[in-house]
Amino acid sequence: MKKLGFGFMRLPLLDGGDQTSFDKVQICRMVDAFLENGFTYFDTAYMYHDFKSECVLKEVLVERHPRGNYLIASKLPTMFLKEVPDMERIFTEQLEKTGAGYFDYYLLHCLNAENYATAQRLGSFDFVMNKKKEGTVRKIGFSYHDNAELLDEILTAHPEMEFVQLQINYLDWENETVQSRKCYEVARRHGKEILVMEPVKGGTLANVPPRAERLLKSHEPDLSVPSWAIRFAASLENVSMVLSGMSNMAQIEDNMSYMKEFKPLTKEETAICMQVTDIINSTITVPCTACRYCVDGCPMNIPIPDYFALLNAEQQEIEKPFTVQGTYYDNLIVEHGKASDCISCQQCTEHCPQHIDIPEMLKKVAEVFE
């Protein structure tokens, strides 16, 4: 199994403001090329693209290619579970939406302290184990966004989990909030297969500061900037799959070019990644990956990731006499709440995998753009 996975989280759109306006022609081309080059792993989830990611996967993949030619991963959304019947209802809906018949990999989605408590209370671990016994799931595991100590507790209590999906990238490797390295080491100690999400950190490691890009290009002129991030994750032992949310044909062609015959990073190249980390940390303001978990249900309709992206871009261009970020901000507030409209209800903070103090950072957005 080649180590590059196709994440159905950031698919190409016809309208950037509508997460369901899929560019199906381009997605079909991407899926076909992916399979033709020997890649087989597709990852989706219940709420991706306003709950339509699983549906489009059915159209572009399941209805167009033999089921035995690829692997499908989806997830039980622990953040949406209230009662025991919710699990069966959602699982049945997912099988119908994907048309997959079964899931090769099935995950308890986004375990952290709060969601783990929900999973324990509702018996979610037993639920996915029973689905495996029934044959509608082949492998069971979970995606994780919390500290290494809790991860160790979960894996100790649930050795039946076969794999763990972790946020691993060179920017978060030593980050004390995300704890990429520490979580990776816990998963290895428990002997688990490791899948990697956010290797490019929502595009942050594809659009690095100019000084960092010059450093990477001076070592490997022909390799793209994001290739360093994906290769960093794929070079780690026990990592079987690195997911990339590819948004256009150019991105998938680039990723396949160096992952088809994958070569791990050398020690020198790993050291260069750490140098890039230092450069980025000196410029980045908000470590947002644009997963958009914070957006659903915001009572003030604030497009939080979009505002954070503008703030980060503004910070990186702070020495320029004029930037365009303010214009884009003004465009967004026509149909969305302003940053200053935030009522600090904390709903977004509870769902943020990066543990960002979102209301506090929205105050910064307001200071800069309002």
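Student: Which residues in α10 meet which residues in α11?

Tutor: This is a predicted model, and in it P226, S227, I230, R231 and A234 of α10 meet D254, N255, Y258 and M259 of α11. Sorted by class, the contact of α10 with α11 has five nonpolar, two polar and two charged residues.

Student: At what angle do helix α10 and helix α11 pack, and how far apart are their axes?

Tutor: Helix α10, which covers residues 225–234, and helix α11, which covers residues 249–259, pack at an angle of about 45 degrees, and their axes are 10 Å apart. Angles under 35 degrees count as roughly parallel and those from 65 to 115 as roughly perpendicular, with the rest, apart from those over 145, being oblique; α10 and α11 are therefore oblique to each other. As for handedness, the crossing of α10 and α11 is right-handed.

Student: How should I read helix α7 and helix α8 in that way, and at roughly what angle do they cross?

Tutor: The axes of helix α7 (residues 148–157) and helix α8 (residues 180–189) cross at roughly 20 degrees and come within 9 Å. That angle makes α7 roughly parallel to α8. The crossing in which α7 passes α8 is right-handed. On the α7 side the contact is made by A148, L151, D152 and L155, and on the α8 side by K182, C183, V186, A187 and R189. By class, this contact of α7 with α8 has six nonpolar and three charged residues, with no polar residues.

Student: Which residues in α3 meet residues in α4, and how do the residues of that contact divide by class?

Tutor: From α3 come E54, C55, L57, K58 and V62, which meet Q94, E96, K97 and T98 in α4. The residues of this contact of α3 with α4 divide into three nonpolar, two polar and four charged. The axes of helix α3 (residues 53–62) and helix α4 (residues 85–98) come within 7 Å and cross at roughly 35 degrees.

Student: Which helix gives the most to the lining of the second largest cavity?

Tutor: About 90 Å³ of space lies in the second largest cavity, and of the 16 residues that line this cavity, the closest to its centre are C288, C291, C294, C352 and I356. Helix α13 (residues 304–316) gives the most to the lining of the second largest cavity, with three residues. By class, that lining has 12 nonpolar, three polar and one charged residues.

Student: What lines the second largest pocket, and how much space lies in that pocket?

Tutor: The second largest pocket has about 180 Å³ of space, and the residues that line the second largest pocket are M47, M79, F80, C110, N112, N115, Y293, D296, G297, Q347 and H351. Divided by class, the lining of this pocket has five nonpolar, five polar and one charged residues.

Technical notes. Residues are numbered from 1 along each chain as its sequence is written. This is a predicted model: local features need pLDDT of at least 70, side-chain atom pairs count only at pLDDT 80 or more; totals for chains, interfaces and linings use all residues. Side-chain values use heavy atoms; hydrogens and water are left out. On a 1 Å grid over the protein atoms alone, a cavity is a set of points where a 1.4 Å probe fits but cannot get out, and a pocket is an open set with protein on both sides within 12 Å along at least five of seven lines; lining residues have an atom within 4 Å of a point. Grid points are joined across faces, edges and corners, and a volume is the space filled by probe spheres set on the points. Ala, Val, Leu, Ile, Met, Phe, Trp, Tyr, Cys and Pro count as nonpolar, Asp, Glu, Lys and Arg as charged, and the others, Gly among them, as polar. Axes are lines fitted to C-alpha atoms, for helices over the stretch in contact, and angles run from 0 to 180 degrees between N-to-C directions. Helices (H or I, at least four residues) and strands (E, at least two) are DSSP runs, numbered from the N terminus. A crossing is left-handed if the near helix is turned anticlockwise from the far one by less than a right angle, and right-handed if clockwise. Contact means heavy atoms within 4.5 Å.
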